[in-house]
Amino acid sequence: MARAVFYGAISLDGYLADKQDQLDWLYNQPGGNLVPYDQFYQGIDYTMMGRRTYEVVKRDAPKEILYPEKENFVFSRSKVNLDDNLKRMDEDPVAFIRRLPEEKTIWVVGGGMLLQPVIEAGLIEEWWIQVVPILLGEGVPLFLPQSHQQKLQLIDTEQFGQFAQLHLKK
């Protein structure tokens, strides 16, 4: 089984996007360019995301080729127009991760519906969460309700402008 990791930014009240799936609140924060994304990105082999995450990313950067050096998977039960370097998957994300080679690392991009069963199965081994000091009030939550608790170990905290990065391990 591949090593599953999460990397992403949320509002202080736990949202990935506002209620209109907008990310302006995130893009306009000082320090975003200081977050060590490139270092994280070099350590992954695959990406997986849900259809909704893919559509938001493509809306905000329509001409950008997503993760060109990686194998990329979009999980969707319905047809979706994808860039050539992405594959649509209509299967259980937990079973998918478990089939990947153990020496590989997969980044679960986004949250919600795709991330929830992966968390429930206890597959996320490492987390990098950047917290932005803004209260959105409502929006797209990173975490959906879980059936049981999972205790994580806080490895490090760092500040990058207005971003506080939490590094956690299972």
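Mentor: Let's start with Asp21, which sits in the loop that runs between β2 (15–18) and α1 (24–27). Those labels are DSSP runs numbered from the N terminus, with helices being H or I of at least four residues and strands E of at least two. Keep in mind that the model is predicted, so local features need pLDDT of at least 70 and side-chain atom pairs count only at pLDDT 80 or more, while totals for chains, interfaces and linings use all residues. Residues are numbered from 1 along each chain as its sequence is written, and side-chain values use heavy atoms, leaving out hydrogens and water.

So is Asp21 buried or exposed? With a relative accessible area of 17%, Asp21 counts as buried (buried is under 20%, exposed over 50% and partly exposed in between, using a 1.4 Å probe and protein chains only). Leaving aside neighbours within four places in sequence, Asp21 is in contact with Arg52, Val56, Arg59 and Val140, contact being heavy atoms within 4.5 Å.

Of its 49 lining residues, Thr53, Val57, Tyr67, Val109 and Gly110 are the closest to the centre. On a 1 Å grid over the protein atoms alone, a pocket is an open set of points with protein on both sides within 12 Å along at least five of seven lines, whereas a cavity is a set where a 1.4 Å probe fits but cannot get out; lining residues have an atom within 4 Å of a point.

At least two lining residues come from each of β1 (3–11), β2, α1, α2 (37–42), α3 (51–60), β6 (105–109), α5 and β8 (139–141). The biggest contributor is α3, with 6 residues. By type, the lining splits into 30 nonpolar, 10 polar and 9 charged; Ala, Val, Leu, Ile, Met, Phe, Trp, Tyr, Cys and Pro count as nonpolar, Asp, Glu, Lys and Arg as charged, and the others, Gly among them, as polar.

Of those contributors, take α5 (residues 112–120), where Gly112, Leu114, Leu115, Val118 and Ile119 are buried. They cover an arc of only 150° around the axis, so they lie on the same side of α5; the arc is that of the directions from the helix axis to the C-beta atoms. After α5 comes Gly122, with a positive phi near 70°.
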